[in-house]
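Visitor: I would like to understand the words that are used for this structure. Could you take me through them slowly?

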Amino acid sequence: LRPDMAVVFGNSHDALNAAICASLSDIPLAHIQGGESGYRNWDLSHGYGITKLSHLHFAATPGYRDQIIAFGEHPDRVFNVGSLMEEQLAQSRPKGDSAFRSIAGIDPKEPFILVAFDADPDMGSRVRSQAEQLIEALSDPRFRSYRILFQKSEDKGLGKMINQTIQDGCMARPRQCTALPDLSVTDTGALVRQAAAVVGNSSILFSLAAPLARPAVNIGSRQKDRERPANIVDCGCDVSAIIQATERALSVEFTDELK
(Lines give C-alpha, C1' and ligand atoms only; values in the text may rest on other atoms or scores of the structure.)
Protein backbone atom coordinates (compact mmCIF):
# COMPACT_ATOMS: atom_id res chain seq x y z
CA LEU A 1 0.00 0.00 0.00
CA ARG A 2 1.16 3.52 -0.82
CA PRO A 3 -1.24 5.86 1.00
CA ASP A 4 -0.88 9.64 0.81
CA MET A 5 -1.07 9.74 4.61
CA ALA A 6 -1.44 7.40 7.58
CA VAL A 7 -3.56 8.27 10.63
CA VAL A 8 -3.03 6.72 14.07
CA PHE A 9 -5.09 7.11 17.22
CA GLY A 10 -3.88 6.90 20.81
CA ASN A 11 -0.58 5.65 22.20
CA SER A 12 -0.73 1.84 22.15
CA HIS A 13 2.20 -0.30 21.03
CA ASP A 14 0.18 -1.13 17.89
CA ALA A 15 -0.06 2.57 17.04
CA LEU A 16 3.69 2.98 17.66
CA ASN A 17 4.44 0.09 15.29
CA ALA A 18 2.27 1.71 12.61
CA ALA A 19 4.01 5.05 13.14
CA ILE A 20 7.46 3.46 12.78
CA CYS A 21 6.42 1.67 9.57
CA ALA A 22 5.02 4.90 8.11
CA SER A 23 8.20 6.76 9.00
CA LEU A 24 10.45 4.12 7.43
CA SER A 25 8.26 4.15 4.31
CA ASP A 26 8.28 7.97 3.99
CA ILE A 27 4.52 8.16 4.52
CA PRO A 28 3.30 11.36 6.25
CA LEU A 29 1.68 10.62 9.59
CA ALA A 30 -1.23 12.26 11.46
CA HIS A 31 -1.66 11.51 15.16
CA ILE A 32 -4.96 11.83 17.05
CA GLN A 33 -4.96 12.29 20.85
CA GLY A 34 -1.31 13.14 21.36
CA GLY A 35 0.29 15.19 24.10
CA GLU A 36 -1.31 13.15 26.90
CA SER A 37 2.08 11.85 27.91
CA GLY A 38 5.07 12.81 29.99
CA TYR A 39 6.75 9.59 28.74
CA ARG A 40 6.72 8.44 32.38
CA ASN A 41 6.26 4.73 31.64
CA TRP A 42 6.27 2.39 28.64
CA ASP A 43 2.71 3.14 27.61
CA LEU A 44 3.25 6.89 27.70
CA SER A 45 6.68 6.72 26.07
CA HIS A 46 4.91 5.12 23.10
CA GLY A 47 2.74 8.25 22.79
CA TYR A 48 5.80 10.47 22.94
CA GLY A 49 7.50 8.37 20.25
CA ILE A 50 4.44 8.60 17.99
CA THR A 51 4.39 12.38 18.47
CA LYS A 52 8.01 12.68 17.35
CA LEU A 53 7.32 10.60 14.23
CA SER A 54 4.14 12.50 13.26
CA HIS A 55 3.65 15.47 10.95
CA LEU A 56 0.12 16.55 11.91
CA HIS A 57 -1.23 16.47 15.47
CA PHE A 58 -4.86 16.54 16.63
CA ALA A 59 -5.03 17.12 20.40
CA ALA A 60 -8.05 16.85 22.69
CA THR A 61 -7.44 19.96 24.83
CA PRO A 62 -5.47 23.22 24.65
CA GLY A 63 -3.18 21.88 27.39
CA TYR A 64 -2.34 18.75 25.40
CA ARG A 65 -1.69 20.95 22.33
CA ASP A 66 0.76 22.96 24.42
CA GLN A 67 2.44 19.72 25.55
CA ILE A 68 2.95 18.63 21.93
CA ILE A 69 4.47 22.01 21.09
CA ALA A 70 6.71 21.71 24.17
CA PHE A 71 7.95 18.40 22.73
CA GLY A 72 9.31 20.46 19.81
CA GLU A 73 6.52 20.18 17.22
CA HIS A 74 5.71 23.26 15.13
CA PRO A 75 2.56 25.11 16.34
CA ASP A 76 1.23 25.41 12.78
CA ARG A 77 0.89 21.61 12.61
CA VAL A 78 -0.76 21.10 16.02
CA PHE A 79 -4.56 21.46 16.30
CA ASN A 80 -6.92 21.34 19.27
CA VAL A 81 -9.94 19.41 17.98
CA GLY A 82 -11.57 18.39 21.28
CA SER A 83 -12.49 14.87 22.34
CA LEU A 84 -13.44 12.52 19.52
CA MET A 85 -14.72 10.13 22.21
CA GLU A 86 -17.20 12.80 23.31
CA GLU A 87 -18.41 13.16 19.72
CA GLN A 88 -18.84 9.40 19.45
CA LEU A 89 -20.93 9.35 22.64
CA ALA A 90 -23.05 12.24 21.42
CA GLN A 91 -23.74 10.55 18.07
CA SER A 92 -24.32 7.03 19.41
CA ARG A 93 -27.73 5.56 20.16
CA PRO A 94 -27.24 3.29 23.17
CA LYS A 95 -29.70 0.56 24.09
CA GLY A 96 -32.21 1.27 26.83
CA ASP A 97 -31.23 1.16 30.47
CA SER A 98 -32.80 -2.26 30.95
CA ALA A 99 -30.43 -3.92 28.45
CA PHE A 100 -27.33 -3.05 30.49
CA ARG A 101 -28.93 -3.79 33.80
CA SER A 102 -29.93 -7.18 32.43
CA ILE A 103 -26.29 -7.88 31.48
CA ALA A 104 -25.19 -7.02 35.00
CA GLY A 105 -28.13 -8.79 36.63
CA ILE A 106 -29.20 -5.78 38.71
CA ASP A 107 -32.56 -4.30 39.56
CA PRO A 108 -33.70 -1.33 37.43
CA LYS A 109 -33.74 0.93 40.50
CA GLU A 110 -30.56 -0.41 42.10
CA PRO A 111 -27.69 2.13 42.17
CA PHE A 112 -24.25 0.88 41.15
CA ILE A 113 -20.60 1.89 41.11
CA LEU A 114 -18.63 1.08 37.95
CA VAL A 115 -15.00 0.04 38.51
CA ALA A 116 -12.46 0.41 35.68
CA PHE A 117 -9.02 -0.61 36.93
CA ASP A 118 -6.06 -1.30 34.61
CA ALA A 119 -2.45 -2.37 35.06
CA ASP A 120 0.06 0.34 35.90
CA PRO A 121 3.45 -0.65 34.42
CA ASP A 122 5.19 1.42 37.10
CA MET A 123 3.68 -0.80 39.80
CA GLY A 124 4.55 -4.17 38.26
CA SER A 125 3.16 -7.15 40.21
CA ARG A 126 2.08 -4.81 43.02
CA VAL A 127 -1.07 -4.16 40.98
CA ARG A 128 -2.54 -7.29 42.60
CA SER A 129 -2.31 -5.64 46.03
CA GLN A 130 -3.84 -2.45 44.60
CA ALA A 131 -6.76 -4.40 43.14
CA GLU A 132 -7.28 -6.25 46.43
CA GLN A 133 -7.37 -2.99 48.39
CA LEU A 134 -9.81 -1.51 45.89
CA ILE A 135 -12.17 -4.48 46.31
CA GLU A 136 -11.84 -4.32 50.09
CA ALA A 137 -12.57 -0.58 50.11
CA LEU A 138 -15.73 -0.90 48.01
CA SER A 139 -16.89 -3.81 50.21
CA ASP A 140 -17.05 -1.40 53.15
CA PRO A 141 -20.50 -1.24 54.81
CA ARG A 142 -20.78 2.41 53.75
CA PHE A 143 -21.32 1.22 50.16
CA ARG A 144 -23.58 -1.78 50.86
CA SER A 145 -26.51 -0.09 49.09
CA TYR A 146 -24.56 -0.07 45.80
CA ARG A 147 -23.85 -2.92 43.44
CA ILE A 148 -20.20 -2.97 42.31
CA LEU A 149 -19.69 -3.66 38.60
CA PHE A 150 -16.15 -4.39 37.42
CA GLN A 151 -15.05 -3.60 33.87
CA LYS A 152 -12.25 -6.10 33.23
CA SER A 153 -8.75 -5.02 32.25
CA GLU A 154 -7.10 -6.06 28.98
CA ASP A 155 -6.51 -9.78 29.43
CA LYS A 156 -2.76 -9.90 28.91
CA GLY A 157 0.34 -9.40 31.04
CA LEU A 158 -0.46 -7.67 34.32
CA GLY A 159 -4.07 -7.35 33.18
CA LYS A 160 -4.53 -11.10 33.65
CA MET A 161 -3.44 -10.73 37.28
CA ILE A 162 -5.96 -7.94 37.83
CA ASN A 163 -8.77 -9.89 36.18
CA GLN A 164 -8.09 -12.95 38.32
CA THR A 165 -8.11 -10.79 41.47
CA ILE A 166 -11.42 -9.23 40.38
CA GLN A 167 -12.87 -12.67 39.64
CA ASP A 168 -11.84 -13.93 43.09
CA GLY A 169 -13.33 -10.84 44.73
CA CYS A 170 -16.64 -11.27 42.88
CA MET A 171 -16.84 -14.95 43.83
CA ALA A 172 -16.29 -14.02 47.49
CA ARG A 173 -19.02 -11.35 47.34
CA PRO A 174 -21.51 -12.60 44.71
CA ARG A 175 -24.45 -10.56 46.04
CA GLN A 176 -22.65 -7.25 45.65
CA CYS A 177 -19.93 -7.66 42.99
CA THR A 178 -20.22 -8.56 39.29
CA ALA A 179 -17.49 -8.83 36.64
CA LEU A 180 -18.81 -7.52 33.33
CA PRO A 181 -18.14 -9.09 29.92
CA ASP A 182 -16.25 -7.09 27.30
CA LEU A 183 -18.35 -4.16 26.15
CA SER A 184 -18.08 -1.72 23.25
CA VAL A 185 -17.22 1.92 23.86
CA THR A 186 -20.86 2.87 23.25
CA ASP A 187 -22.13 0.26 25.72
CA THR A 188 -19.53 1.23 28.32
CA GLY A 189 -20.56 4.85 27.86
CA ALA A 190 -24.18 3.90 28.57
CA LEU A 191 -23.11 2.21 31.81
CA VAL A 192 -21.02 5.23 32.81
CA ARG A 193 -24.02 7.47 32.14
CA GLN A 194 -26.10 5.45 34.64
CA ALA A 195 -23.41 4.85 37.28
CA ALA A 196 -23.53 6.61 40.64
CA ALA A 197 -19.75 6.94 40.27
CA VAL A 198 -16.82 5.49 38.31
CA VAL A 199 -13.84 4.28 40.34
CA GLY A 200 -10.40 3.10 39.17
CA ASN A 201 -7.38 4.27 37.21
CA SER A 202 -8.52 3.71 33.62
CA SER A 203 -8.72 6.32 30.88
CA ILE A 204 -12.50 5.68 31.06
CA LEU A 205 -12.52 8.12 34.00
CA PHE A 206 -11.30 10.87 31.69
CA SER A 207 -12.58 9.92 28.23
CA LEU A 208 -16.12 8.79 29.19
CA ALA A 209 -16.97 9.92 32.74
CA ALA A 210 -15.74 13.49 32.14
CA PRO A 211 -17.87 14.35 29.07
CA LEU A 212 -20.86 12.65 30.73
CA ALA A 213 -20.26 14.67 33.95
CA ARG A 214 -20.25 11.58 36.18
CA PRO A 215 -18.35 11.54 39.51
CA ALA A 216 -15.05 9.65 39.18
CA VAL A 217 -12.42 8.50 41.67
CA ASN A 218 -8.91 8.26 40.20
CA ILE A 219 -6.71 5.86 42.18
CA GLY A 220 -2.92 6.05 42.22
CA SER A 221 -0.54 7.69 39.75
CA ARG A 222 -1.28 5.88 36.47
CA GLN A 223 -3.08 8.93 35.07
CA LYS A 224 -0.97 11.60 36.76
CA ASP A 225 0.00 13.23 33.45
CA ARG A 226 -3.63 13.73 32.40
CA GLU A 227 -5.45 17.03 32.76
CA ARG A 228 -7.93 17.07 35.64
CA PRO A 229 -11.55 17.78 34.69
CA ALA A 230 -13.94 18.79 37.45
CA ASN A 231 -15.44 15.30 37.86
CA ILE A 232 -12.19 13.73 39.16
CA VAL A 233 -11.44 13.01 42.83
CA ASP A 234 -7.82 11.84 43.21
CA CYS A 235 -6.70 9.47 45.96
CA GLY A 236 -3.98 7.03 46.96
CA CYS A 237 -4.10 3.25 46.63
CA ASP A 238 -4.83 2.35 50.27
CA VAL A 239 -8.23 1.27 51.58
CA SER A 240 -8.96 4.34 53.72
CA ALA A 241 -8.05 6.79 50.92
CA ILE A 242 -10.30 4.98 48.42
CA ILE A 243 -13.21 4.95 50.88
CA GLN A 244 -12.84 8.64 51.64
CA ALA A 245 -12.58 9.63 47.96
CA THR A 246 -15.56 7.45 46.96
CA GLU A 247 -17.69 8.95 49.72
CA ARG A 248 -16.73 12.39 48.42
CA ALA A 249 -17.63 11.47 44.82
CA LEU A 250 -21.02 10.05 45.89
CA SER A 251 -21.89 13.02 48.09
CA VAL A 252 -24.80 15.27 47.18
CA GLU A 253 -22.51 18.30 47.38
CA PHE A 254 -20.10 16.91 44.78
CA THR A 255 -22.78 15.74 42.33
CA ASP A 256 -24.50 19.12 42.64
CA GLU A 257 -21.21 20.82 41.76
CA LEU A 258 -20.99 18.73 38.58
CA LYS A 259 -24.53 19.69 37.59
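Guide: Let us begin with a definition: angles under 35 degrees count as roughly parallel, over 145 as roughly antiparallel, 65 to 115 as roughly perpendicular, and the rest as oblique. Please keep in mind that this is a predicted model.

Visitor: What makes α4 and α8 roughly perpendicular to each other?

Guide: Helix α4 (residues 84–91) packs against helix α8 (residues 185–194) at an angle of about 80 degrees, and their axes are 10 Å apart. The range for roughly perpendicular is 65 to 115 degrees, and α4 and α8 are therefore described in that way. The residues that make the contact are M85, Q88 and L89 from α4, together with V185, T186, G189 and R193 from α8.

Visitor: How do you know that α8 is largely enclosed by the rest of the structure?

Guide: Of the 10 residues of α8, 7 are buried, so the helix is largely enclosed. The buried residues are D187, T188, G189, A190, L191, V192 and Q194.

Visitor: Why is S207 called buried?

Guide: S207, which is found in helix α9 (residues 204–207), has a relative accessible area of 16%. Buried means under 20%, so S207 is counted as buried. Leaving aside neighbours within four places in sequence, S207 is in contact with M85 and L89. From S207 to G189 there are 18 residues in sequence, and the distance in space is 9.5 Å, C-alpha to C-alpha.

Visitor: Which residues touch the most other members of the largest nonpolar core?

Guide: They are L134, I148 and F150, in a core of 35 residues, and helix α10 gives the most to this core, with 7 residues. Apart from it lies another core, of 21 residues, which includes L89, A116, L180 and V198.

Note on methods
Residues numbered from 1 in each chain as written. Predicted model: local features only at pLDDT ≥ 70, side-chain atom pairs only at ≥ 80, totals over all residues. Heavy atoms only, no water. Axes fitted to C-alpha atoms, helices over the stretch in contact; angles between N-to-C directions. Helix = DSSP H or I, 4+ residues; strand = E, 2+ residues; numbered from the N terminus. Contact = heavy atoms within 4.5 Å. Core = buried A, V, L, I, M, F, W, Y, C linked by side-chain atoms within 4.5 Å. Buried < 20%, exposed > 50% of the residue type's maximum accessible area, 1.4 Å probe, protein only.
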